[in-house]
Amino acid sequence: MIATSLRKQLTKAFMLTTLVAFALNAGLIVAYEFERYREEAVAELHTQETILAKALVPSLVFNDPEAAAQQLSSLEERRDVLAAEVFSANGRPFAQYRRTPLVPASLPAQNPLPSLGSRFSNDELEMAYDVFHDGERVGTLYLRARHDVLKRLGSYAVIQALVMAVSLGLALVVFGRVRGRIVEPIARVAKVAETVISERDWKLRAPAAETREIDALVQAFNGMLAEVEANSSELRREVAERERAEQDLRAGDRRKDEFLATLAHEIRNPLAPMMNALSLLRREDTLPKVRDKALGILDRQLRHVIRLIDDLLDVSRITTGKLSLQMSNVDLNQVLRSALELIEPVARARRLELEAAIPASPCWVIGDSARLLQVFSNLLSNACRYTPEGGRIDVGTRSDSHGVGVDITDTGVGIEPAFQERVFELFEQGDKSLERGNTGLGIGLTLSRQLVLLHGGTIRVASDGIGRGSTFTVELPTAVSAPQNLAEVPAAGNLQSLAGIHILVADDNVDFAESLQVALESAGIAVRTVNDGRAALAAAQAHEPDLAILDIGMPGLNGYDLARALRADAATTAIVLFAVSGWGQASDKDLASQAGFDRHFVKPVTPETLLEAIAEAMASGRRPSMVGTRET
Amino acid sequence: MRPVPTSWKSCQRWLGGVVVAVLAMAVARAQAPIEEAVVEAAYLHKFPGFVDWPADAFKTPDSPIVIGVAGAHRVLEELTKVARGRLVLGRPVEARAISAGDSPHDIHVLFIGKDAAAEAQVLMEEAIKAHVLTVTDLPAGLKSGAVLDFVQVDGRLRFEASLGAAHRADVKLSSKLLSVAARVVEEAP
């Protein structure tokens, strides 16, 4: 530091002020004492002289020098008186006294006093005193005495110096302590401040001080350090959090990009065979056998695309907590059989050996049969997809008191250990190179796991590694007791006859309207299609159908307004109204309900679903309540 | 010591006009004795300052101290000169001539000189009765009953004191006075 330290400055100031005070004090006292001693000495000698003068009066009056000398000899008692001399009134020496012969005689004669009074020198005091008798001067007494004023003053000064030295020492000790209490804490604060600045270590703290004001300073300093520390650590934490969040976002973004690429690939994949099938169907010379095959292709690929989108929507619903299960007692074995039934054609097409050991007796679990079917068909579909031709798939069940387990084992590509945990995560897929030709979105397993978890069960995978096959195991808790009434697993084609019903289909998508017309007519229903809202209103008023399936977004008159118009007209108010829309949000459902729709379906919707709903509506004989399978 | 009278100095000068300096200085150093009467007058003037009279000795606080002088006209002369304008014990001093037959009742000090030696006895007896401080310049002054008596000691005028006489005269001599007396006797031998 270039500046003088606080300690040096304080010490210097203290020493200076203390010394000046002491010196001033001592000087004044010594001066005062000198004057006092001098006055004392003069007064004392004067007293002596006065007494002596009185005694000398008769000697002087009656001219008796011997008597005067005898009077003077009494001065022997006073060791300080060096000489005394009596002069007669006319100034002649009358009598004298000498303490020692060395003292020169007739001092006033050699060194006369300027006037009656005293003369004070370094070590001697001279005094002259006129002796009076009856108002007449009869003589003069002169005294010369030694005095020790300077000596006493010297001793006094020495004592003062000693006192000063001791006091200064004591003061220094006390000051040292006080300085320790004031300067040291400040110095420590300064040191901590320097260290903090140089090392950026905000954890450092200055130690507490004894002096209150200094301690307040120290505490304030520490408080500031603590605040800075808290702020900086919080800042670091925030930065770290943001970096992590950014990484997560990037990873999520990357996965979404990959997912979008996969999605595009997945959706495009079925389009090629569909295009081929369409071109085959367009040719008039196509043989009926080939035409059937083309239709089969179209059907399979369409279902595949629909299933993809369904899965996606389901995952979205589960993620946002909007999926609710229709829980009931379900025969798991029946569900497994249904799943095997669904997958069997695929397995056969890929020449896979599908072995299932399903007990004939029911195995009751509490769950949503449709969702459980989704889970197992997903797993089986995966097993088929990832198992090369000629491979084998085994399905086995086992149960104990706690629950039931289903193992689906394949001899497929297997999963490397590091990837086994991640296969269930959204958009995750195995080695992309293995994916070539084996289509998949990385949704199925995610959806399966979420559904199993919603059932209170677990799902896991085991694999010995790449090329060694894999086993997916689903475990579900079993129902406490068998159900009183059996819940039916929905099966396709199990529909009652709907012949004779009149239905109006309104959709600006001509393909959808016409394909639906064909599907409904195959069930014996009389169908009329229109392609805009106004035409739909006119048709409904003209023909009064039993039921109308209406699109929402239509030119001329939208679905909501159309429904309101139909409900407002007495002739058409009894028509059962189904909304079929690409919009599937809860608000869309509410709008549909408010507009007067009985049910709301989200595209894509299969003809089978619609047929079921139509059957229900017709069977009930009245407009069904606003419940459905695809409401959101 | 009285200063040397100017007249004497002039005389010395006159005498020494042609006398060698050494002789003149020898004469000066010899301190030729001052006339005895002058000294006696001075002493007489001083004595009252060291003496206490009975309270009824003075009529008023500023009544004069009266000194009677018998048989010493020179002394009377000198005393009159000395006393002029001077106070002793705050009183003026008055000198007066006394002869045998005069009443000593209104005086405080009586000096009997050599010239009145014949009348001394008579004066003394009266004086003692009248509580007067008696001072003599007689060969046997104290014996004759005087309180104080001038004597020559080593060529210097001094005095002797008799305490018995003082007692009889009902005057008190101060110790200071006695301290400078050449001789103090209880009773005249």
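Q: In chain B, what share of the contacts with a separation of 6 or more comes from residues 24 or more positions apart?

A: A contact is two residues whose C-beta atoms, placed from the backbone, lie within 7 Å. In chain B, residues 24 or more positions apart account for 61% of the contacts with a separation of 6 or more. For chain A, that share is 65%. Now the ground rules: this is a predicted model, where local features need pLDDT of at least 70 and side-chain atom pairs count only at pLDDT 80 or more, while totals for chains, interfaces and linings use all residues. Residues are numbered from 1 along each chain as its sequence is written, and chains are lettered from A and ligands numbered from 1 in the order in which they are written.

Q: What does chain A average in pLDDT?

A: Think of pLDDT as the predictor's confidence in each residue, from 0 to 100. Chain A averages 81, and 90% of its residues score at least 70. Two stretches of chain A are below 50: residues 431-439, with eight contacts in the model beyond near neighbours in sequence, and residues 484-495, with 14 such contacts.

Q: How many of the residues of strand 4 of chain A are buried?

A: Burial is a neighbour count: a residue is buried if 20 or more other C-beta atoms lie within 10 Å of its own, exposed if 12 or fewer, and partly exposed in between, with C-beta atoms placed from the backbone. Seven of the 10 residues of strand 4 (124-133) of chain A are buried, so the rest of the structure largely encloses this strand. Across whole chains, 28% of the 632 residues of chain A count as buried, and 37% of the 189 residues of chain B do.

Q: Which strands does strand 4 of chain A pair with, and in which sense?

A: Strands pair if DSSP finds at least two bridges between them. Three bridges join strand 4 to strand 3 (residues 118-120) of chain A, running antiparallel. S118(A) stands opposite M127(A) there, and three residues separate the two strands in a hairpin. On to strand 5 (residues 136-146) of chain A: 10 bridges join it to strand 4, again antiparallel. One bridge pair is E124(A) with R146(A). The hairpin of strands 4 and 5 has two residues between the strands, and D134(A) takes a positive phi near 55°.

Q: In what order do the five strands of the open sheet in chain A come?

A: The order is 7-9-10-12-11, with mixed pairing. Strand 7 (353-357) and strand 11 (458-463) of chain A are the edges, each pairing on one side only. The average twist from one strand to the next is 15°. Angles run from 0 to 180 degrees between N-to-C directions, and axes are lines fitted to C-alpha atoms, for helices over the stretch in contact. Helix 7 (residues 332-349) of chain A packs on the sheet, touching strands 7, 9, 10 and 12 of chain A, and its direction makes about 170° with that of strand 7. Strands 7 and 9 of chain A pair in the parallel sense over five bridges, and E353(A) has R392(A) as its bridge partner.

Q: How many residues has the largest nonpolar core?

A: A nonpolar core is a set of buried Ala, Val, Leu, Ile, Met, Phe, Trp, Tyr and Cys residues joined through C-beta atoms within 7 Å. The largest has 85 residues, and those with the most contacts inside it include V109(B), L110(B) and I67(B). Helix 1 (residues 6-61) of chain A gives the most to this core, eight residues. Not counting residues up to four places away in sequence, V109(B) touches L44(B), I67(B), V132(B), L133(B) and V135(B), among others.

Q: Which residues of strand 6 of chain B are buried?

A: Look at both faces: L133(B) and V135(B) on one side and T134(B) and T136(B) on the other are all buried. Strand 6 runs parallel to strand 5 (residues 109-112) of chain B, joined by four bridges, with L110(B) partnering T134(B).

Q: How many residues does the contact take from each chain?

A: Chain B gives 12 residues and chain A gives 14. The largest share of chain B's side, three residues, comes from helix 7 of chain B.
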